[in-house]
Protein chains: 2
Amino acid sequence: MADPEAVAKAFTDHYYNTFDTARANLASLYQEQSMLTFEGQKFQGMQAILSKLTSLSFQQCKHHVVSLDAQPSVSGGILIFVTGQLLPEGESNPLKFSQTFHLAPVGGSFVITNDLFRLNLV
Amino acid sequence: MADPEAVAKAFTDHYYNTFDTARANLASLYQEQSMLTFEGQKFQGMQAILSKLTSLSFQQCKHHVVSLDAQPSVSGGILIFVTGQLLPEGESNPLKFSQTFHLAPVGGSFVITNDLFRLNLV
C-alpha cells in the first residue's frame with residue numbers, strides 16, 4: 001500500500017501545476033467513470049469533466065494549497081482533502097476553496113474516481 | 001443503491017444535530033476501522049475519535065451547513081462533502097469549516113469509514 005500522504009502530496013503538486021499551466025492535460029487523470037461536482041454542478045466522464053474545467057470564466061489561475069490531508073479508503077484507494085486559495089488571472093484577492101479527491105489505483109499509478117470542489121465564499 | 005444526495009442529507013442532518021446536542025452519541029456512527037483527521041491530527045477507531053470529539057475546547061456549538069455534495073464511491077459507499085459554519089458557544093462570529101465523510105453501507109444503514117475536518121481560517 002502506497003503511503004497516502006506521499007501520494008497526496010505528489011498528486012496535488014501534479015494536479016494543480018497542470019491545472020495552472022496546461023489545463024487540458026488533466027484529461028489523463030480522469031476516466032469514463034470519474035465524477036466531478038463543481039460548485040454543485042455534476043459531470044461524469046473524462047470528456048464532460050474536461051469540457052467543464054477548460055471552459056471556466058478564467059483562462060489562467062494559480063492554486064495555493066493551505067492544508068492537505070489524506071487517508072486510505074476501504075476500496076484500496078486514497079482520499080485527499082485540500083483547502084487552499086485560488087487566484088484567477090486579473091484578480092487581486094484569492095478565493096478560498098475546498099476540494100476532495102478519491103483516487104483509485106490503476107497499474108502503478110492513480111486515477112480520479114471522485115472530485116468535489118467548492119469555493120468557500122460565505 | 002441508495003440515492004447519494006438523500007443519504008447525504010439525512011446523514012448530515014443526523015450527524016450535526018447529534019454533534020450539537022449529544023456529542024457522545026456520535027459513537028454509533030464510527031467503528032474500529034474508522035479514521036478521523038481533525039485539523040491535521042489523526043485518530044483511528046471509535047474510542048479515539050470520540051475521545052477527541054468530546055474533548056474539544058468548546059462544549060456547546062452549532063453547525064450550519066452551507067453546501068452539501070454527494071457522490072457514490074467505487075466501494076459501494078457514499079462520499080459526502082460539506083462546507084459550513086461552526087459557531088462555538090460564547091463566540092459571536094461563526095468559523096467556516098469543510099468536512100468530508102466516506103460512508104460504508106452496513107446492514108440497512110451506514111457507518112463512517114473516513115472523516116476529514118478542517119477550519120478554513122486563511
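Reader: Taking a nonpolar core as a set of buried Ala, Val, Leu, Ile, Met, Phe, Trp, Tyr and Cys residues joined through side-chain atoms within 4.5 Å, how many residues has the largest one?

Author: The largest nonpolar core has 28 residues, and those with the most contacts inside it are Tyr15(B), Tyr30(B), Leu53(B) and Phe101(B). Buried stands for under 20% relative accessible area, exposed for over 50% and partly exposed for what lies in between, with a 1.4 Å probe and protein chains only. This is a predicted model, in which local features need pLDDT of at least 70 and side-chain atom pairs count only at pLDDT 80 or more, while totals for chains, interfaces and linings use all residues. Residues are numbered from 1 along each chain as its sequence is written, chains are lettered from A and ligands numbered from 1 in the order in which they are written, and side-chain values use heavy atoms, with hydrogens and water left out.

Reader: Moving to confidence, what ipTM does the predictor give the complex?

Author: The predictor gives an ipTM of 0.95 and a pTM of 0.96. For chain A the mean pLDDT, the predictor's confidence in each residue from 0 to 100, is 95, and 98% of the residues of that chain reach 70 or more.

Reader: What does Arg118(B) touch?

Author: Arg118(B), which sits in strand E6 (residues 109-119) of chain B, touches residues of both chains, among them Ser67(A), Asp69(A), Phe81(A) and Thr83(A) from chain A and Glu39(B) and Phe97(B) from chain B. Its side chain makes a polar contact of 3.5 Å with the side chain of Ser67(A). A polar contact is a pair of N or O atoms within 3.5 Å; within protein, one must be able to donate a hydrogen and the other to accept it, and residues adjacent in sequence count only if both atoms are side-chain atoms.

Reader: Why does Arg118(B) count as buried?

Author: Because its relative accessible area is 15%.

Reader: Which residue of chain B has a polar contact with the side chain of Asn114(A)?

Author: It is Gln71(B), at 2.8 Å between the two side chains. Asn114(A) lies in strand E6 of chain A and is buried, at 1% relative accessibility. The side chain of Asn114(A) also makes a polar contact of 3.1 Å with the side chain of Thr113(A).

Reader: How do E4 and E5 of chain A pair?

Author: E4 (residues 78-88) and E5 (residues 95-106) pair in the antiparallel sense over nine bridges, where pairing requires at least two DSSP bridges between the strands. Thr83(A) stands opposite Ser98(A). E5(A) also pairs with E6(A) (residues 109-119), antiparallel over 10 bridges, and Leu103(A) has Ile112(A) as its bridge partner there. The hairpin of E5(A) and E6(A) has two residues between the strands, and Gly107(A) in the turn has a positive phi of about 60°.

Reader: Which residue takes a positive phi in the hairpin of E1(A) and E2(A)?

Author: Glu39(A) does, near 50°, in a hairpin with two residues between the strands. Most residues other than glycine have a negative phi. Glu39(A) is partly exposed, with a relative accessible area of 30%. In chain B, Glu39(B) likewise has a positive phi near 50°, lies in the loop between E1 and E2 (41-44) of that chain, and is partly exposed at 31% relative accessible area.

Key
Helix = DSSP H or I, 4+ residues; strand = E, 2+ residues; numbered from the N terminus. Contact = heavy atoms within 4.5 Å. Lists of a residue's contacts leave out its neighbours within four places in sequence.
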